[in-house]
Amino acid sequence: MNVVPLVRDVHALDSKIPHAETHFDLVVIGAGHAGTTAAIAAAQTGASVLLIDEHPVPGGQIGTDVPYFFGGRATAAVQQSGRMLEQVFGTNPDLEEAFELGVDVRLGTIAWGLYVNGPAMRVLPQPLLGIADGDGAMMVGFDRLMLATGARDVVLGFPGWNQPGVMGAQGFAALATRYEALASRRIVILGSGALGLETAQLALAHGIEVAAIVEVADTVQGPTARAAQVRATGIPIHLGTTIAATKSGIDGVEGVTLAPLHASPEKAGAQVRSVDGGGQHPTSNPIDTGPRPSPGGNSRIDLVCDTIVLAIGATPATELLDAAGTRQTETITLIGDAAIATRPDPAYLQAWATALAEYAAPDTIVCQCEDVTRADLIGVQPPHYLDRPHAMAARSLSSLLNDGPAHPDQIKRLTRAGMGQCQGRRCRDQVACLLAEQQHVSLSAVPVASYRAPVRPIPLRVLADWQERGDMAAGWDVWFGIPTQWTPYAMIGTPEEAEHVAGLGGNMHV
């Protein structure tokens, strides 16, 4: 008996889905301690395991501040791929055990897209993960997926932050430890929570001088014991203080000017008294009483430094889940810092944003990639490299709010803030804070801008190298053909097609 194979509809969506090129029982994203430990444990049970990590990050990508805010303070050592690979192995000896157990370890490999069935997708035969390295991209199928992707820095801008020498605490730690390629010599740290205090201790351990820790609240926000350790080193902690200006030179930051908040430090402290997120533990212990500019609002402090480290807080790096429109499930789980890192309390974050904006001029940059300023964002204007017709120039955020609350995704489409090569990592939180301020609402009422795949920059030559199957290549004329675009494919080649085109006119008929 001859079996006639089922003929699939080449025009249907399910024939356009790429098949998984390989399949694993478990895929782990992130080869830090948590990810490597999970991969080893699974391999010991006999499971097939893929362990990927985007480190070592290519030197060129470090310049785009992805995945961390590296801030132009990497040495030329990051351009040596062999050395970078050795550094990654040297800082995580467990990778050798994973290799010996048969784990498929792929370093320098990014996870750029996750695809699962849900409200917007119902035709996948299995969940798929898009990965890529410098040579090519592929789709991987899996039974289980663990994200050990860590956390990213919360970034807020201030006058002069858009120059080399302003970086995030995660980028600072990565360059100092994993890569040993940090060019900083004297730093100022913004934030006195656990992250800021840890950054100070890390800097001292690597021979880097800490000129000061700056905090907008009236108390140190980190654990009392760690604060005492930092104070014992002689590092000054300036409370109720913000940045008024930065001094720039040929290599970027050369100094910073600190100034007291116009609002009283007590008021700023009251806003964050209940903070418990992001490793911050407020306390009223006398040890938290630190130096601050003298009352009156006229005293300023000039400090020499080559780096300003943003250690205000971190947030879980879960953009893969966000872009896929999903959350943790029995199949997909978060582990390590991706699971336990806590985003800073909205009130604390807004207090920082307000304090840093006190001395920010309208032309202060919000989005570095697209050169969008505070004035552009409040005016809902595109970047200056694009034309601004009269009707566009006349609009503003206030006019936009007449139609309801503004969403960061809406602002992104209208101003391009968040569309650049760092994919919003440096401006996402700033936009949300600015919208909260302008709408006179709590930051918790403003959603954070969404992510879209690819969540990591990928050269087009890598994605373009994919080879489509025959059934994937067939039938695209129905979707993108001209003049038949948007014509129901059942009408193509029939008398109804001509009537359809003639009735609607043009070549964009539906």
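## Overview

Buried residues account for 51% of the 510 residues in this protein. Keep in mind that you're looking at a predicted model. The chain has 20 helices and 19 strands.

What about contacts along the chain? If you take those between residues at least 6 apart in sequence, 71% join residues at least 24 apart.

## The five-stranded sheet

Let's start with an open sheet. Five strands make it up, in the order β8-β15-β9-β10-β11, and the pairing is parallel. At the edges you'll find β8 (166-168) and β11 (237-238); each has a single partner strand, so one side of each has no neighbour in the sheet.

Further in, β9 (residues 186-190) pairs with β10 (residues 209-214) in the parallel sense, over five bridges. If you want a spot to look at, pick Ile189: its bridge partner in β10 is Ile213.

## Around strand β1

Strand β1 covers residues 22-29 and runs parallel to β6 (residues 137-147), with seven bridges joining the two.

## Aromatic pairs

How many aromatic pairs does the structure hold? There are four. One of them is Phe69 with Trp161: the ring centres are 6.3 Å apart and the planes stand at 85°, so this pair counts as edge-to-face. The pair links distant parts of the chain, 92 residues apart, with Phe69 in the loop between α2 (59-62) and α3 (81-91) and Trp161 in the loop between β7 (151-153) and β8. Are these two residues buried or exposed? Phe69 is buried at a relative accessible area of 6%, and Trp161 is buried at 0%.

Another pair is Phe89 with Phe99, where the centres are 6.0 Å apart and the planes are at 20°, so the rings are stacked. Phe89 belongs to helix α3 and Phe99 to helix α4 (residues 94-100), ten residues apart. Phe89 is partly exposed, with 25% relative accessibility, and Phe99 is also partly exposed, with 40%.

## A charge over a ring

Now for an arginine and a tyrosine. Arg428 lies over the face of Tyr451, and the distance to the ring centre is 3.7 Å.

## Cysteines

If you're wondering about disulfides, a search of the whole structure turns up zero.

As for accessibility, Cys427 is buried, at 2% relative accessibility. Cys433 is buried as well, with a relative accessible area of 1%.

Technical notes: Residues are numbered from 1 along each chain as its sequence is written. This is a predicted model: local features need pLDDT of at least 70, side-chain atom pairs count only at pLDDT 80 or more; totals for chains, interfaces and linings use all residues. Side-chain values use heavy atoms; hydrogens and water are left out. Two strands pair if DSSP finds at least two bridges between them. Helices (H or I, at least four residues) and strands (E, at least two) are DSSP runs, numbered from the N terminus. Rings of Phe, Tyr and Trp (its six-membered ring) pair if their centres lie within 6.5 Å; planes under 30 degrees apart count as stacked, over 60 as edge-to-face and the rest as tilted. Buried means under 20% relative accessible area, exposed over 50%, partly exposed in between (1.4 Å probe, protein chains only). A charge sits over a ring if NZ of Lys or CZ of Arg is within 6 Å of the ring centre and within 35 degrees of the ring normal. A disulfide is a pair of cysteine sulfur atoms within 2.5 Å. Contact means heavy atoms within 4.5 Å.
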